[in-house]
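Open the model in your viewer and keep the selection panel at hand. We will walk through it stop by stop, with something to select each time.

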Amino acid sequence: MHNQRRHILIECQDLNTRLQTPGLVVLDATVGLPAPRFDGDYRTTHGADGWRQEHIPGSRHADLLHDLSDLNASYSFANPPLPQFRQGLRALGVTDHSEIVIYDRADGFWAARLWWMLRSTGIAARVLNGGWQAWRQAGYATEQGEPAFAPPRPGNLTLRQQPGFWCDRQDVAAVLTGEKTGAVICALSEAVYRGKTPTRYARRGHIPDSGNIPARRFLDETGRYLDSSDLTIRAASYGYSQHTPLLLYCGGGISAASLALSLTLAGYRQLTIYDGSLQEWAADPSLTLIADTHHD
């Protein structure tokens, strides 16, 4: 389990000692997604501005809003087609020989999203544990502005779509009707799951018969992932077997990616992310959502 953790997470001290390593690509995957003030209040901001203001030396901004998203999908942050994903990664200097580290300026959720996208195409990457806040608090060097970046001479970048990483609404429906085995899990907070707080999406609530495992429950007060033993105990406390296929969703497949990373650290392997999540599900009035009848 500890060896698995080293393959998925990297600590700030370790990254700092590797900043000059040839082939290292550090990516800031931040997207701004403010909390909704009222139902349907969906706002995003480009994370590149914050990256330009200050970032880990040598890092580049990975654009999950546009360059690395399928803009033809009906929902935001959609997993892009392989040719588009390859083009976007090559522009960031990624090749088959790159060592990739991802961080963000939020709570690691965006970094987890890009980690899952890469993993689903056979590309190994690590997430900076604690992200930007941990880097700043540790007092390591930072840069400002947009540094001159000449991508290395084009190298091979082999992407192969791996089975079992993504699912769609039909897969979710098949589990709910018993046609397929598994459990559908919402990674959002209990308040959002129960429909007791404003939602960014068309309607409040959760997919019928879905459970709730809030992704933030696997982070400590500093935004770092819990240590291996605590994380495993917490994952088991929700009562789902590691042998049960888990279909994870949230609002747009972001919190679900953080939960997927945590559960992977805890030893779960049968994990898929419903990419459209509530943004797609809530937009279709023919699909049921369950919410408390009384809002706070």
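Two strands count as paired if DSSP finds at least two bridges between them. Helices (H or I, at least four residues) and strands (E, at least two) are DSSP runs, numbered from the N terminus. You are looking at a predicted model, in which local features need pLDDT of at least 70 and side-chain atom pairs count only at pLDDT 80 or more, while totals for chains, interfaces and linings use all residues. Residues are numbered from 1 along each chain as its sequence is written, and side-chain values use heavy atoms, with hydrogens and water left out.

**Stop 1: the two domains**

Colour residues 1-138 as domain 1 and 166-283 as domain 2; these bounds come from an automatic or database domain assignment. Taken over C-alpha atoms, the centres of the two domains are 20 Å apart. Across the boundary, 37 residues of domain 1 are in contact (heavy atoms within 4.5 Å) with 37 residues of domain 2.

For comparison, select the stretches that UniProt lists, in an unreviewed entry, as "domain: Rhodanese": residues 34-144 and 189-290. UniProt positions are given here in the numbering used for this model, feature names are shortened, and annotations may be inferred rather than shown by experiment. Residues 34-144 are 31% helix and 11% strand, and their end C-alpha atoms lie 24 Å apart. Residues 189-290 are 28% helix and 10% strand, with 15 Å between the end C-alpha atoms.

**Stop 2: the sheet of β1, β7, β6, β2 and β5**

Show these five strands as a cartoon: they form an open sheet in the order β1-β7-β6-β2-β5, with parallel pairing. At the edges are β1 (9-10) and β5, each of which pairs on one side only.

Now select β6 (residues 99-103). On one side, two bridges link β6 in parallel to β7 (residues 126-128), where R126 is the bridge partner of V101. β6 also pairs in the parallel sense with β2, over five bridges, and here V25 has I100 as its bridge partner.

Move on to β2 (residues 24-28). Because five of its five residues are buried, β2 is largely enclosed by the rest of the structure. In a regular strand the side chains alternate between the two faces of the sheet. β2 also runs parallel to β5 (residues 60-61), joined by two bridges, and D28 stands opposite H61 there.

Axes are lines fitted to C-alpha atoms, for helices over the stretch in contact, and angles run from 0 to 180 degrees between N-to-C directions.

**Stop 3: D41, in a loop**

Zoom to D41, in the loop between β3 (31-32) and β4 (45-46). Is D41 buried or exposed? Its relative accessibility is 3%, so D41 counts as buried. Leaving out residues up to four places away in sequence, D41 touches A35, P36, T199 and R200. The C-alpha atoms of D41 and T199 are 7.2 Å apart, although 158 residues separate the two along the chain.

**Stop 4: the sheet of β8 to β12**

Next, select β8, β12, β11, β9 and β10, which form an open sheet of five strands in that order, with parallel pairing. The edge strands, each pairing on one side only, are β8 (166-167) and β10 (211-212). Helix α7 (residues 169-176) packs on this sheet, touching β8, β9 (183-186), β11 and β12, and makes about 120 degrees with the direction of β9. Three bridges connect the parallel strands β11 (residues 246-249) and β12 (residues 271-274), with L248 opposite I273 in β12.

**Stop 5**

Helix α10 (residues 255-265) is mostly covered, with 11 of its 11 residues buried. Just after α10, look for G267, which takes a positive phi of about 100 degrees.

Finish at S277, in helix α11 (residues 277-281). S277 is buried, at a relative accessible area of 0%. Apart from neighbours within four places in sequence, S277 is in contact with Y249, C250, G251, G252 and G253.

Definitions and conventions:
Buried means under 20% relative accessible area, exposed over 50%, partly exposed in between (1.4 Å probe, protein chains only).
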